[in-house]
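Here is a short briefing for a first look at a protein model. Please keep the sequence and the 3D view open as you read.

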Amino acid sequence: MLILHYTGMRTGADALARLCDPQAEVSAHYLVEEDGRIFQLVPDDRRAWHAGASFWAGDRDINSRSIGIELVNPGHEFGYRPFPQAQMRAVTALAGSLMRTHAIPARHVLGHSDIAPARKQDPGEKFDWLALAMAGIGLWPDPRPADGMAWDGNEVARLLQSFGYQVTSNGISWDDHIARGKSWDEATDSALTAFQRHFVPASLGRGADRDSVAALRALVRDSD
Ligand SMILES: [Zn+2]
């Protein structure tokens, strides 16, 4: 798997220092600066500590099966900003090369928020996953017109789970969801938010809207 992050610190130098500090117990294979410089911090075949408590498609030990790339960006806490062109070009080249070298499938190119939706927001909705997908890195939804029709919350929870997200509950019924006027449960809600950050950023915060459902149905169908 290939997992993308943002550093979430004020500067790239701060992030580099922390990622190289044994006391911090956090590490990643690569760091990509906003100006496009790439630092390799851990060899590809060694286990790094970038995923933490995480889950994807039944696997919980993501650190043992993934390469982690940190993108320098202050993140939601310190002034989240767009990822510059030079950084996007660098991460696109790096990710493409890693996918070829390690035979990483497109469906296994994910964000930290995908594998830890309750704890993490990175790399976040400003990261241009579409540009990456157009370079052959990762998936992008290609919905059909019918994919945006008639859904209920139980189906959304099922789809999120079958795509790979950790949806712990079997779901509160759609009627209860409506009656409570909010999401069906926190795990499903977090998974939907993570899905939107990655695949439908324009729908972030809008709940299970038409575009999100269409994207989810398309991805589950096409990645089978
Ligand atoms: Zn992260």
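The points below cover the domains, the metal site and the pockets.

This is a predicted model, in which local features need pLDDT of at least 70 and side-chain atom pairs count only at pLDDT 80 or more, while totals for chains, interfaces and linings use all residues. Residues are numbered from 1 along each chain as its sequence is written, and side-chain values use heavy atoms, leaving out hydrogens and water.

**Domains**

- The domain assignment gives domain 1 (2-134) and domain 2 (145-222); such bounds come from an automatic or database assignment.
- The centres of domain 1 and domain 2, taken over C-alpha atoms, are 25 Å apart.
- In domain 1, 16 residues are in contact with twelve residues of domain 2 (contact means heavy atoms within 4.5 Å).

**Zinc site**

- His5 (ND1), His112 (ND1) and Asp122 (OD) are the protein donors of the zinc ion, at 2.0 to 2.1 Å from it.
- Donors are N, O and S atoms within 2.8 Å of the metal (3.2 Å for Na, K and Ca); water is not among the atoms, so sites may look incomplete.
- Along the sequence, the donor residues follow the spacing H-x106-H-x9-D.
- His112 sits in helix 4 (residues 112-115), and Asp122 in the loop between helix 4 and helix 5 (129-134), ten residues apart.
- Helices (H or I, at least four residues) and strands (E, at least two) are DSSP runs, numbered from the N terminus.
- His112 is buried, at 4% relative accessible area, and Asp122 is buried at 5% (buried means under 20%, exposed over 50%, partly exposed in between, with a 1.4 Å probe and protein chains only).

**Largest pocket**

- The largest pocket holds about 480 Å³ of space.
- It has 24 lining residues, and the closest to its centre are Tyr6, Thr7, His112, Lys120 and Asp122.
- A pocket is an open set of points on a 1 Å grid over the protein atoms alone, where a 1.4 Å probe fits, with protein on both sides within 12 Å along at least five of seven lines; lining residues have an atom within 4 Å of a point.
- Strand 1 (2-6), helix 1 (12-19) and helix 2 (75-78) each give at least two residues to the lining of the largest pocket.

**Second largest pocket**

- The second largest pocket has a volume of about 170 Å³, a volume being the space filled by probe spheres set on the points, which are joined across faces, edges and corners.
- Eleven residues line the second largest pocket, and Trp56, Ala57, Arg107, Ser162 and Phe163 are the closest to its centre.
- The second largest pocket lies between domain 1 and domain 2, because both give residues to its lining.
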